[in-house]
Amino acid sequence: MSVFPSPRPAAGGPIIDFDPAACCLEIEGLSLAYGETPALRDLSLRVPRHRVTAFIGPSGCGKSTLLRALNRLHDLNDEVRLAGSIRLEGQDIHAPEVEVAELRRRVGMVFQAPNPFPMSIYDNVAFGLRLQGGMRKRQMDDIVEWALQSAALWDEVKERLGSSAWTLSGGQQQRLVIARTLAVRPEVLLLDEPASALDPISTLKIEELIRNLKSQLTLVLVTHNMQQAARVSDYTAFLQEGELVEYGATDTLFTNPRLSRTENYITGRMA
Amino acid sequence: MDITSDIHNRHISRQFNQELEELKTHLMAMGGLVEKQVQDAVAALLDGDSALARHVVDNDRAVNDMQIKIDGECTQVLARRQPAASDLRLVLAVIRAASDLERIGDEASKIARNAIDLIDANNGSRGFVEVRMISEHVRRMVRDALTSFARFDTELALKLVHEDEEVDNEYQAAMRSLITFMMEDARSITPVLNLMWILRSLERIGDHANNLAEYVVYLVKGLDIRHTDPDDLDEQAITRKG
Amino acid sequence: MSRFGRARLPRGEGPWPWLAAGSVALSLLMFSGLLLLLAVRGLGHFWPAPLSLVALEDGRLLAGQVVREERLPGGAGRERLYLTANRDLDGAIWSWVAVDEIAEESHPRDLVVLERTRWGSFHGRLLALEDAAGRVEGEAAWQALQERLGELEALRRERAHLRDRVVVPLVRRLERGADAALAAELGAANARIRQLQARMGGTRLLLESVDGRRLEQPLEQVLRAWRPNAMSAPRKLAAWGHGVWRFLSEGPRAANTAGGVWPAIFGTVLMVLLMSVVVTPFGVLAGIYLNEVAHQGRFTRLVRIAVRNLAGVPSIVYGVFGLGVFVYGIGGTLDEWFFADQLPSPTFGTGGLLWASLTLALLTLPVVIVATEEGLARVPDHQREGALALGATRVEMLTRVVLPMTAPAMLTGVILAVARAAGEVAPLMLVGVAKLAPQVPVDGEFPFLHLEQKFMHLGYHIYDVAFHGGDVEAALPLVYATALLLVLVILVLNLTAIFLRHHLRARHGTVPRR
């Protein structure tokens, strides 16, 4: 697979460097601490547009923390201290004029355990649309159908849009959550271990969905299932103890990683 | 990164360590057997020992069985462990190496069969010098290939790649000499042809040893140097540590 | 023991399941026993009891309803308590009779009970009915009596309507400013009342007690007449139903020992509703603030502890607080600012509906806050994150996701508040309840809801009748009936809220199926 586009791998360096114009998210010098405990240390990486980037690493390495920083979910936690910058399409997401709610619409998130609202399937998908307000019913119906189609759920639920979302199976609920996130047309979709609570078939369906969504959005996936990262992502970043250890094309990282730390993690070796 | 030969037994799963160790061990055992086959086949020819030659032919079954066994074990590892990075490369290298070793075994068997024909026809020892020289070279290559595999030694592997060029040259020279001999004496065509098959087998064995060396480089460095001209190889990259 | 039975007995668990089941059974038993007691004693009061004619050994005759029987002090036999009425003839309405002294007891069908506006009831016989047209005797008298009573009832209603709905408001308006037209209206209304009064008078009944004493009874003082020994079961049932209805719809009479408790019902419900209207928004908003908005530091924890402690403060303390701060403090100030012309007669500077509702709202505030907080805490964080991740602001997340899920818990809090407030009596005595306030605080006169008026309350009514009434024995049945009513009112309020909560739960779900 050819590396996209015009990367400048510092000869043999472990961290791939993308052309900023091709990147959706730019993280520079990001350090984050929960109170006194550091979680991320001086992390810099670029996420390319319209590709799937995976964050892998052992428990506690900071991959979920990094993901949540991308849509400012840490704002809810008073104890979090943050340094460094995160840019979405060139704009600093922590700038004072940025409206957090709008940022979170542009950078959607899907969580580990499916968390549909206690409403009907239709209402779940339309939730974000209703927040924006001023939409006619016909238009909303169309968007709901489109979102459910994009999430590969339409055929299974089109007869019962009014029934409660909690009557769906786990895999269907997760796809519903993805549909409702898609409905607000985000630019980036963050997925925090989206299939870890699901059975293998549902997992594969979600992975297939991720592959299909690449053409519309940029996807960032956190997973502790390495085979999943290998199956689904184009680029993989390996984090350990809050640091970015290696970041490169998935094919290369899983056949011939540059650093022994990466190799040890991927092959299940003790350091 | 630096792949050393002990890297495959540091997994958290001890059983995985064991499985990979066994792969290597079985491959080495197969290599040892194959090396002996070659040695015996050549000795049978040079000493006129048809019993030994027949033994070599019969023993080829053992070589084939070993390849099947190793292939089966590799398949198991792939299916159950989904190995990645150097583990994956090791399994792939072992599969390919077993295949090449089996071919070496076949070639040794062919040498033995031709030796039997020559011995039965009682056809002198013309060309034995060349055979001896090339067979020594090639045997050494096989042994070095197996050593470099065992020790993950890319320098040694590189040496082998260049040596194969020499073997090819020696082979060409020997062929020319034998052709000249054939042209001089029409009665010698049949035995010389047998000899040429033997030389050809030896040359092939050298090629297979070359392949083994390429697999070692792939295993250690992740570089696929098959089908690359030896002059174009980036020796620095291959032999550099780390 | 059958195979089934053995399979169902908890094995190896010792006595605990039995203890648990026993406790539940005991609680249910006590509760149903209470209800049964209240129902029998209270509702039984309205059933037309048979009137016994008792002839004693010494020749005395009396007509009365059996109330109860007790052992004589000293253990020498039993004695029976009869309600003999006829306070104007006998001076007392109760008679204890030793059972041994009873020669004969019968139930003559012609014995009559009259319910009167003065001197209570009459037991005896109807001799004749006299009016301007002449005198009717015997059975015809009885028929005429029933007809006249019907007419009287209509006239009374018209008079009451005129008095309450026309005269009183007019008087109030005239107090504020003289007006010739209004004065003329008032004169006309008063004239009509006098006319009615005249029509109601003029008829007399000739009555005789069973021991021969005669009595002339003006008809306008008679409310109802019936012959309990001559009534068939369906008629008794009808009479019972009417009695219960009157209890619920009429105001009290005879110093709360007779009549109905309608003003108390109205006052209780109104006060509880007002209290709910006040406490729900404050409690819910406070709960939301503490749980969702406030920084969860030491100060917030202190506030939370304080709120929970408030729930344990004795209710009379709230009454004192209400008296001091609401009634005298705020009420007094309001009087000075807005009702100075009424002083020294206080408008808001005395107990009233508003202060009572506010005091009880304060009392139940901690309950609502705690229930709301519990409900909010039970909403999983991932629901909140899910909403935020879709681009909702904090407010939108709260209103569209969290609060609908919390609604059942908030309603529970309101239910608990209502249940507590409907039964509280002590604080009300200080801040607004009255022994007698037949005027309910809602009428047709602007501003339609009179928050400064005192009101009657079922709980206080029970207390007042049971402990401050003149004749406790006579009032006791009404106490039971009022207590039953109070329990039922609270039950209805609770059931309404529970139904609402169930409906909300069904709509929004509680915990997801996982």
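Reader: What kind of model is it, and how is the numbering done?
Author: It is a predicted model, where local features need pLDDT of at least 70, side-chain atom pairs count only at pLDDT 80 or more, and totals for chains, interfaces and linings use all residues. Residues are numbered from 1 along each chain as its sequence is written, while chains are lettered from A and ligands numbered from 1 in the order in which they are written.

Reader: How many helices and strands does chain B have?
Author: Chain B has seven helices and zero strands. Helices (H or I, at least four residues) and strands (E, at least two) are DSSP runs, numbered from the N terminus.

Reader: And how compact is chain B?
Author: Its radius of gyration, taken over C-alpha atoms, is 19 Å, close to the 18 Å from the globule rule (2.2 Å times the number of residues to the power 0.38) for 242 residues, so chain B is as compact as a globular protein of that length. Along its principal axes, the C-alpha trace spans about 65 × 40 × 20 Å.

Reader: What share of chain B is buried?
Author: Buried residues are 46% of the 242 residues in chain B. A residue is buried if 20 or more other C-beta atoms, placed from the backbone, lie within 10 Å of its own.

Reader: New topic. How many residues of chain C are in contact with chain A?
Author: 18 residues of chain C are in contact with 22 residues of chain A. In contact means that the C-beta atoms of two residues, placed from the backbone, lie within 7 Å.

Reader: Which element of chain C gives the most there?
Author: α11(C) does, with six residues. By class, that side of chain C has seven nonpolar, eight polar and three charged residues. Ala, Val, Leu, Ile, Met, Phe, Trp, Tyr, Cys and Pro count as nonpolar, Asp, Glu, Lys and Arg as charged, and the others, Gly among them, as polar.

Reader: What about chain A with chain B?
Author: That contact takes 15 residues from chain A and 14 from chain B. On the chain A side, the largest share, four residues, comes from α10(A).

Reader: Last one: what is the strand order in the sheet of chain A?
Author: The open sheet has four strands in the order β2-β1-β4-β5, with antiparallel pairing. Strands pair if DSSP finds at least two bridges between them. Eight bridges join β1 (residues 23–34) to β4 (residues 80–88) of chain A, and Ser31(A) has Ala83(A) in β4(A) as its bridge partner.

Reader: Why do β2 and β5 each have a side without a neighbour?
Author: β2 (37–48) and β5 (91–92) of chain A stand at the edges, each with a single partner strand, so one side of each is left without a neighbour in the sheet.

Notes. Buried ≥ 20, exposed ≤ 12 C-beta atoms within 10 Å, placed from the backbone.
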